[in-house]
There are 2 protein chains.
Amino acid sequence: MKESGMLDLLHALQETLAEEIPITRHIGVRVQSYDGERLILQAPLEQNINHKGTAFAGSLNALATLAGWGQLWLILKEQNIRAKIVIQDSSSNYLFPVTGDFTAICYKPDAYEIVRMQQTLRKRGKARIELFTEIYDNHVIAVSFKGRYVVLVHE
Amino acid sequence: MKESGMLDLLHALQETLAEEIPITRHIGVRVQSYDGERLILQAPLEQNINHKGTAFAGSLNALATLAGWGQLWLILKEQNIRAKIVIQDSSSNYLFPVTGDFTAICYKPDAYEIVRMQQTLRKRGKARIELFTEIYDNHVIAVSFKGRYVVLVHE
């Protein structure tokens, strides 16, 4: 994909999040970049701070959930598939407290997993896929997150 | 505990959440009740809605995380233990979409688990405990949540 096309897509993702999930504006979610493999979202500590001066776990989980959702949204856009994405289950490990603005990096699944998802979508109109996200605070992995998402093709 | 003492404690929990974790005001978290066993928190759909007209998974997880945190906060208050509570890991199962205002119910752990936590706290100044929370939407369990929390005695 051309760089300008990629930037348009990131702007569209940013607008989609802000318009469709209004609480993301309070969390201060910002789509930072996507290199075709890693989608990076950011949020400021200030809006998500707790009494210990670190980020609230609920905000960290929300950013990770959105990074997975956004990664899938981009994969589907790239492949021109119109589908609904919902999360089925997730687990979060809070390894270290987050003491500053934070970054969620969601990794693109293996090509094999994406092909399997496409095939299942074509056959059944519905498929599941697992995505991994890490939240970084100053180059340290502070949260590791695994989310299983369901993709449903629009009828 | 007397009913008035319990109400004071619930007001203190409500204030603690609103003051110490400001994002909970945007989520609209309200401490509803505590019967000595079940702590109930509420949040409105309106502030947590997504494009599908249902509650954003990140908000559901946040309310569940806070319900577990609040249950532990109450247990420690009842036992007059001053300690810091942080979440270590959690898992959420999103069973059904949440289509209205929602309620998180966190169950008090077994008495045995609480005694074990107290003993470990006395011995090591630090203990772990698992808490279970369910989110209801109109009498249906829409989310089941398990959180492992760490309690650290203040020095």
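Modeller: Strand 5 of chain A and strand 6 of chain A run antiparallel and are paired over 12 bridges, where pairing requires that DSSP finds at least two bridges between two strands, and where helices (H or I, at least four residues) and strands (E, at least two) are DSSP runs numbered from the N terminus. Residues are numbered from 1 along each chain as its sequence is written, and chains are lettered from A and ligands numbered from 1 in the order in which they are written. The model is predicted, with local features needing pLDDT of at least 70 and side-chain atom pairs pLDDT 80 or more, while totals for chains, interfaces and linings use all residues; side-chain values use heavy atoms, leaving out hydrogens and water.

Within that pairing, A:Leu131 has A:Gly147 in strand 6 of chain A as its bridge partner. The two strands form a hairpin with 2 residues between them, and A:Asn138 in that hairpin has a positive phi near 55°.

On its other pairing, strand 5 (residues 126-137) of chain A is joined to strand 4 (residues 102-107) of chain A, again antiparallel, over 4 bridges. Here A:Thr103 stands opposite A:Tyr136, and A:Ala104 has A:Ile135 as its bridge partner in strand 5 of chain A.

Strand 4 of chain A is in turn joined by 6 bridges to strand 2 of chain A, with the two running antiparallel, and A:Ile40 is placed opposite A:Ile105 in strand 4 of chain A. Strands 1 and 2 of chain A make a hairpin with 3 residues between them, in whose turn A:Gly36 has a positive phi of about 90°.

These pairings belong to an open sheet of 12 strands that takes in both chains, with antiparallel pairing and the order 1(A)-2(A)-4(A)-5(A)-6(A)-3(A)-3(B)-6(B)-5(B)-4(B)-2(B)-1(B). Strand 1 (30-34) of chain A and strand 1 (30-34) of chain B are the edges, each with a single partner strand, so one side of each has no neighbour in the sheet. From one strand to the next, the twist averages 25°.

Turning to the helices, helix 4 (residues 111-124) of chain A lies across strand 5 and strand 6 (140-153) of chain A and runs at about 145° to strand 5 of chain A, with axes being lines fitted to C-alpha atoms (for helices over the stretch in contact) and angles running from 0 to 180 degrees between N-to-C directions. In chain B, helix 4 (residues 111-124) likewise packs on the sheet, touching strand 5 (126-137) and strand 6 (140-153) of chain B, with its direction at about 145° to that of strand 5 of chain B; contact here means heavy atoms within 4.5 Å.

Helix 4 of chain A also meets helix 3 (residues 57-78) of chain A, the axes coming within 12 Å and crossing at roughly 70°. The two helices are therefore roughly perpendicular, on a scale where under 35 degrees is roughly parallel, over 145 roughly antiparallel, 65 to 115 roughly perpendicular and the rest oblique. The contact brings A:Leu72, A:Ile75 and A:Leu76 of helix 3 of chain A against A:Ile114, A:Met117 and A:Leu121 of helix 4 of chain A.

In chain B, the axes of helix 3 (residues 57-78) and helix 4 also come within 12 Å and cross at roughly 70°, which makes helix 3 of chain B roughly perpendicular to helix 4 of chain B. There, B:Leu72, B:Ile75 and B:Leu76 of helix 3 of chain B meet B:Ile114, B:Met117 and B:Leu121 of helix 4 of chain B.

Between the chains, helix 3 of chain A packs with helix 3 of chain B at an angle of about 155°, the axes lying 8 Å apart, and the pair is therefore roughly antiparallel. Helix 3 of chain A contributes A:Ala57, A:Gly58, A:Asn61, A:Ala62 and A:Thr65 to this contact, and helix 3 of chain B contributes B:Ala57, B:Gly58, B:Asn61, B:Ala62 and B:Thr65.

The C-alpha trace of chain A spans about 50 × 30 × 25 Å along its principal axes.
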